[in-house]
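Morning, everyone. I have one structure to go through today, so please look at it while I talk.

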There are 2 protein chains.
Amino acid sequence: MIKVAVMGFGTIGSGVVEVLSINKESIAKRVGDTIEVKYVLDLRDFEGDPIQSKIVHDYKTIAEDPEVSIVVEAMGGVEPAYTFVKAMLEAGKDVATSNKALVAEKGAELLELAKNKNVNFQFEASVGGGIPIIRPLKSCLTADVIEEITGIVNGTTNYMMTEMSEKGVDFDDVLKDAQAKGYAEKDPTADIEGYDAGRKIAILTSLVCGQQVDFEDIHTEGISHISSTDIKYAKTMGRAIKLLATSKKVGNGYAAIVAPFLLQAEHPLYSVNGVFNAIFVKGNVLGDAMFYGSGAGKLPTASAVVADIVEMAKHPHKHIPIEWRQEKLELVDYKDFECRFFVRTSDSVDAVTNIFGQVDFVTVEGVSDEIGFVTESMSEAEFEKYASQLTNMIQMIRVK
Amino acid sequence: MIKVAVMGFGTIGSGVVEVLSINKESIAKRVGDTIEVKYVLDLRDFEGDPIQSKIVHDYKTIAEDPEVSIVVEAMGGVEPAYTFVKAMLEAGKDVATSNKALVAEKGAELLELAKNKNVNFQFEASVGGGIPIIRPLKSCLTADVIEEITGIVNGTTNYMMTEMSEKGVDFDDVLKDAQAKGYAEKDPTADIEGYDAGRKIAILTSLVCGQQVDFEDIHTEGISHISSTDIKYAKTMGRAIKLLATSKKVGNGYAAIVAPFLLQAEHPLYSVNGVFNAIFVKGNVLGDAMFYGSGAGKLPTASAVVADIVEMAKHPHKHIPIEWRQEKLELVDYKDFECRFFVRTSDSVDAVTNIFGQVDFVTVEGVSDEIGFVTESMSEAEFEKYASQLTNMIQMIRVK
């Protein structure tokens, strides 16, 4: 029997306990042994709940129990998760986490500690919820040089953009609706400003390049400035606006950005709607691939954590290497990123043409006193130079 | 240095040699050793081609060379591939193959031989070309009971259905076009009658249930009976017609079928167009997931074969278990499969209502002398009983 401990009995932690119970039999068959939850670490007591008998309040109870071989961290945030996870690895236990903040900031360090202790630190659930993406990146797409990785990795904002697009409602209304439905938090900043997506693309980029990418270095724009008028323009162009977290190989380096993009209907990410997530990967020999699924939610996320448990349980006392060195990678300046830009302005057609040269104008029925246009492909730096010559730029959205 | 041999220098075999060369450096980094092609087995001599010096005509040259540790089989067909692969495994070499016919028929047997010899038999490229699906199924979706697996796994027919839908052309014309473009073979039977898709869903179902599923047991219908009028009906209903290979858990068993289905716009497979493939998986805790990418083509397929090489090269002399026993699984009769059915008939509305009760009628502009309708959900057996009472059924397509 393999004994595990779960740190944090919130949505994900309780989901892990539930999945281990629902699929006890099939999991035991795959592992070749049964898995039992011995401890659940939480501040609360869960009086009267069946989990009560397993609750402990001190992480050292777990760290010091040699019977526990695998620990799940589902507390969220960097501290005290970092201290607890470190103690578990030091004590020779495998750790699986769903905590993107911890992985983005301390992933490389914890992986090195795991290597030194001949145990594992796994984090499939930290990006894309239930979607298998970490393991496919490190064990499936190994024949390729990854040229691009672009994700819809935040279900809250994708739900909001989908609602705005389908119902024509404005940002503030759709945010209230998302909060009422529990898709957005009371303080929605981390989601709507793109910080959550930034951590996730930092993790994915680190795995692709094998070095530490700091999320603070990634230029991040959210969706709070997107209006129903922008959506009308998007529809006229046959496009959808999606918050993308994207990272591209540029020479020997990588450039990364989180921002809303106008996607054409032919792009595989175009039809990823609602709370679903998807990660698009372009390999130099594979071409385009995409991994789609539930990016959040109790059971889907727990499914990914438990898949980590299964892999670690199948390989006891064996470190499975993941290349992610602590040495920091300096990202290529996102201003070298080339793309086309969609602009709304109250400047005249002549003024626009004088500044940008050849552009594609877009006219939307019922929208007056402004014009919309799409530039040729140019770097962000070039665009800024031109755009500064406009008298009044109402909006800019990048075009993919 | 790890020495490999490639059997068959056709599209896939030459693609493998090319990928190993293009990405030599990044692959060496991942494996921790360089990979060199020592032999290429082919009937031809490739006079003047750089590959000429590596060509051998006798597979025993490879089997008997202890320097070769990994062999790629890219010849296609069951024989002589089966004899050659068996000899390589017997000789203690790892084998990677892209050959669905071989895997569907002999997969379980070759896996057992590989296990006994403590080597590996891997076949990521046999389903979905470059799309990682075999490895995700066995090493990522391990927390779940897989309730359904449904794929667009044949690029030829998906290209044809997409063209028919976008251009309104008829089957015969689109087949000629696909043949001219090299997407369809001169004898297109295996693709258009669904046999290719049948082998692939047999492999996937075998992996899901861990037992042998014979493709001959899977009820298979192709797309040659689909007309441009059917496409018009589909569009009216906001649906697309796709050739699906699908397998569902029914009680403790599995039911599988290959047939054209009417897919609603909300289904993730709806927007998989052209030669792209995708595999949709429903887990009991994960929910819906989808893997999308290039289902065929030289480099994408070779990318999957080389990913197998990388995995095997990273774990020399170590058998990686894949649960797929030779014991045959009796499939649940597909006639127990429940779905809705779309029907075109020259019978009257009254006759239809008398036979089927409540149905949804569909009217298409410009189509007369017939009516279209969609039944309630019922088993295939029930449907057949009702349908036999129609005087003239022009068409039946299942609805997903």
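Predicted model: local features only at pLDDT ≥ 70, side-chain atom pairs only at ≥ 80, totals over all residues.

Residues are numbered from 1 along each chain as its sequence is written, and chains are lettered from A and ligands numbered from 1 in the order in which they are written.

Phe84(B) sits in helix 4 of chain B, residues 81-90; helices here are DSSP runs of H or I with at least four residues, strands are E runs of at least two, and both are numbered from the N terminus. Is Phe84(B) buried or exposed? Phe84(B) counts as buried because 22 other C-beta atoms lie within 10 Å; the cut-off for buried is 20 or more, exposed is 12 or fewer, and partly exposed is in between. Asp58(B) is 26 residues from Phe84(B) along the chain, and their C-alpha atoms are 9.8 Å apart.

On confidence, chain A has a mean pLDDT of 96, with 100% of its residues at 70 or more; pLDDT is the predictor's confidence per residue, from 0 to 100. The model has ipTM 0.96 and pTM 0.96.

Now the contact between the chains. Chain A puts in 39 residues and chain B 40 residues. On the chain A side, at least two residues each come from helix 1 (11-22), helix 2 (24-31), helix 6 (134-139), strand 13 (287-294) and helix 12 (298-314). That side has 23 nonpolar, eleven polar and five charged residues; Ala, Val, Leu, Ile, Met, Phe, Trp, Tyr, Cys and Pro are nonpolar, Asp, Glu, Lys and Arg charged, and the others, Gly among them, polar.

How do strand 13 of chain A and strand 13 of chain B run? They run antiparallel, joined by five bridges; pairing takes at least two DSSP bridges. In that pair, Tyr292(A) stands opposite Met290(B).

Note on methods:
Contact = placed C-beta atoms within 7 Å.
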